[in-house]
Amino acid sequence: MLHAISWQQYMTAVLLLTAAWYTYVGLTYYRPELRNLLPKKAADTMPLVALAPMRAVIGGIQPDAGTASADPDELIFSPGEPDDISEATLPKGPSDDLLAEAITLAGASGTKADFLSLLQVLLDKYEIYRDEISLPAFTAELLTQQLPFELFEHDLDLHWPAENYA
């Protein structure tokens with residue numbers, strides 16, 4: 001026999017299910033907090049187990065070897081003294097090396113035709129520095145040098161070896 005559920009029975013079922021749900025959630029997720037609310041019994045406490053000592057995962061902060069900190073009162077400062085290094089002096093690069101080798105090659109080659117053919121071979125050697133060497137600037141600098149023969153701008157049609165095959 002089926003009979004209809006009254007609204008009181010329905011509300012009782014909803015309240016019981018709600019109470020059961022919150023009890024489950026409370027015991028599952030809030031167990032440590034709920035234990036702290038209950039009075040503690042001396043007999044319920046478990047003996048403490050000796051834990052292994054904590055180890056540092058990264059380690060302590062240490063200064064680099066050969067360094068130390070100094071007391072600020074011991075530091076002595078004086079005005080700067082000028083040195084003999086010029087601010088305009090730049091370190092020599094591959095362009096300077098290429099120019100020096102080209103001047104040496106001009107003295108050793110003898111004729112202008114030999115020099116121009118050997119200069120292209122010299123450029124093959126410096127192709128790895130093609131991003132650092134400006135051929136127009138190199139040509140202009142080479143024209144200002146004292147060479148055993150006279151060079152003109154139209155003589156120096158220089159290009160990188162890879163451009164020969166393009």
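Leaving aside neighbours within four places in sequence, which residues is Phe 115 in contact with?

1. With those neighbours left aside, Phe 115 is in contact with Ala 102, Leu 105, Ala 106, Ser 109, Leu 142, Phe 149 and Leu 151; contact means heavy atoms within 4.5 Å. Phe 115 is buried, with a relative accessible area of 0%. Buried stands for under 20% relative accessible area, exposed for over 50% and partly exposed for what lies in between, with a 1.4 Å probe and protein chains only.

2. The model is predicted: local features need pLDDT of at least 70, side-chain atom pairs count only at pLDDT 80 or more, and totals for chains, interfaces and linings use all residues. Residues are numbered from 1 along each chain as its sequence is written, and side-chain values use heavy atoms, with hydrogens and water left out.

3. The largest nonpolar core has 20 residues, and Phe 115, Leu 119, Phe 138 and Leu 142 have the most contacts inside it. Such a core is a set of buried Ala, Val, Leu, Ile, Met, Phe, Trp, Tyr and Cys residues joined through side-chain atoms within 4.5 Å. Two or more residues each are given to this core by helix 3 (94–109), helix 4 (112–125) and helix 5 (135–143). Helix 3 provides the largest share, 5 residues. Helices are DSSP runs (H or I, at least four residues), numbered from the N terminus.

4. The count of aromatic pairs comes to 3. Rings of Phe, Tyr and Trp (its six-membered ring) pair if their centres lie within 6.5 Å; planes under 30 degrees apart count as stacked, over 60 as edge-to-face and the rest as tilted. One of the pairs, Phe 115 with Phe 149, is tilted, at 5.3 Å centre to centre and 50° between the planes. This pair links distant parts of the chain, 34 residues apart: Phe 115 lies in helix 4, and Phe 149 in the loop between helix 5 and helix 6 (161–164). Phe 149 is buried, with a relative accessible area of 13%.

5. The axes of helix 3 and helix 5 come within 11 Å and cross at roughly 40°. Axes are lines fitted to C-alpha atoms, for helices over the stretch in contact, and angles run from 0 to 180 degrees between N-to-C directions. Helix 3 is therefore oblique to helix 5; angles under 35 degrees count as roughly parallel, over 145 as roughly antiparallel, 65 to 115 as roughly perpendicular and the rest as oblique. Leu 98, Leu 99, Ala 102 and Ile 103 in helix 3 meet Phe 138, Glu 141 and Leu 142 in helix 5.
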